[in-house]
Amino acid sequence: MTALVLAVCGGLLVYGNRENGEEPRTSMRIGVLLYRGDDTFISTLRGAIEEQAKEYELQTGIKVTLDIMDAKGSQLTQDSQADRLISLECDALCVNMVDRSAASGVIDKAMEAGIPIVFFNREPVEEDMNRWDKLYYVGADPRESAVLQGQILVNAYQENPRTLDENGDGLVSYVLLEGESSHQDSLIRTEQSIQTLKDGGVPIERITGGIANWERSQASALMEQWLSEYPGEIELVIANNDDMALGAIDAMERNGVLTGTIQVVGIDGTPAGLEAIRAGKLLGTVESDRQAYAEAIFETARQLVMGETVTREKYSWSPQQVVVN
Ligand code: GAL
């Protein structure tokens with residue numbers, strides 16, 4: 001029988017050849033770099049990755065050390081965190097880039113040390129991804145999220161136009177809350193969501209829009225401003241994620257907007273987003289399957305560490321589903 005021997009960072013043998021007296025791997029160290037630990041969606045994903053690692057440990061007895069670091073929105077901080085993890089001789093890195101166009105620096109160092117990288121949620125440019133066969137990406141397809149979000153609205157309109165066209169003037173007047181301008185998801189989600197509404201025959205009119213960087217408080221401030229600039233005109237808020245949708249709802253509640261006069265849709269299916277749907281405050285969301293997402297990240301990293309054949313493609317997309325009240 002041929003046993004597998006693979007050299008990884010620091011020249012360690014990850015899977016030994018028993019016939020030659022080498023022991024099979026009993027532990028692994030995986031570095032996880034987060035762009036911002038206080039981002040709601042990222043923090044729930046982090047929890048799911050930790051669960052995956054624990055479960056794997058329980059099932060196999062192989063100890064998994066996850067070194068999780070928060071760059072707090074600074075690429076400079078993230079670069080030095082990557083340096084530290086590489087010098088700690090971790091076996092794989094899972095990276096949620098702060099600046100997705102700046103992945104080449106981390107890739108250079110990881111390649112030199114022979115450490116594979118699974119990027120997630122913030123997609124590096126294709127040119128960087130193609131530099132090495134040990135670079136993977138796990139995400140949620142932004143086109144799919146947007147089409148599903150648009151369909152929530154098309155269905156609501158088809159069932160009863162007045163759900164979205166509250167004043168019955170034949171037009172659904174909407175505002176848009178967008179994520180970071182540099183994030184691949186923002187532009188695609190906005191475009192495809194609007195396109196789905198148009199394709200579905202919903203007559204729409206854009207009042208205004210703004211970038212709230214995925215953040216509840218920024219979205220709340222923008223919505224507050226729009227409510228006073230366009231009193232009684234807004235019928236729909238299309239948000240690129242749940243946190244911004246919730247920010248809009250916060251502003252509506254502060255301003256005494258009656259439930260049902262302005263509809264709000266989000267994306268992510270965060271616990272707070274799902275709760276708002278149950279409470280009838282949010283019309284719907286597109287839930288990202290966190291378990292499947294985290295499993296794809298952890299399993300890809302683990303397979304790379306173990307020298308197993310990676311069972312996912314270079315780009316892997318986690319499943320999403322519509323949630324409405
Ligand atoms: C998006 C997600 C946002 C935010 C962002 C961070 O995919 O919908 O809520 O977490 O990623 O990169």
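User: Why are D250 and R216 said to meet in a salt bridge?

Analyst: Their side chains come to 2.8 Å, N to O. The pair links distant parts of the chain, with D250 in helix α8 (residues 242-254) and R216 in helix α7, 34 residues apart. Helices (H or I, at least four residues) and strands (E, at least two) are DSSP runs, numbered from the N terminus. Residues are numbered from 1 along each chain as its sequence is written, and side-chain values use heavy atoms, with hydrogens and water left out.

User: Why does R216 count as partly exposed?

Analyst: Buried means under 20% relative accessible area, exposed over 50%, and partly exposed in between (1.4 Å probe, protein chains only). R216 has 33% relative accessibility and therefore counts as partly exposed.

User: What makes the pair R36 and E215 a salt bridge?

Analyst: The closest N and O atoms of R36 and E215 are 3.0 Å apart, so the pair passes the salt-bridge limit. R36 is buried, at 18% relative accessible area, whereas E215 is partly exposed, at 23%.

User: How many salt bridges does the structure hold?

Analyst: It holds 15. Another of them pairs D108 with R131, whose closest N and O atoms are 2.4 Å apart. D108 belongs to helix α3 (residues 103-113) and R131 to the loop between α4 (126-129) and β5 (135-139), so this pair ties together parts 23 residues apart in sequence. D108 is partly exposed at 38%, and R131 is partly exposed at 34%.

User: How do you know on which side of α7 its buried residues lie?

Analyst: The buried residues of α7 are A219, S220, L222, M223, W226 and L227. They cover an arc of only 165° around the axis, which puts them on the same side of α7; the arc is that of the directions from the helix axis to the C-beta atoms. An α-helix has 3.6 residues a turn, so residues three or four places apart point the same way. On the other side of α7, S217 and S228 are exposed. The cover over the buried residues of α7 includes β6 (172-178), β7, β8 (236-239) and α8.

User: Why is L148 called buried, and which residues is it in contact with?

Analyst: L148 has 17% relative accessibility and therefore counts as buried. Its place is in helix α5 (residues 142-159). Neighbours within four places in sequence aside, L148 is in contact (heavy atoms within 4.5 Å) with V286, Q320 and V322.

User: What is the mean pLDDT of the protein?

Analyst: The mean is 93, and 93% of the residues reach 70 or more. Over residues 1-21 the pLDDT is below 50, although this stretch has 44 contacts in the model beyond near neighbours in sequence. Where pLDDT is low, the predicted coordinates should not be read in detail.

Note on methods. Predicted model: local features only at pLDDT ≥ 70, side-chain atom pairs only at ≥ 80, totals over all residues. Salt bridge = Lys/Arg side-chain N within 4 Å of Asp/Glu carboxyl O. pLDDT = per-residue confidence, 0-100.
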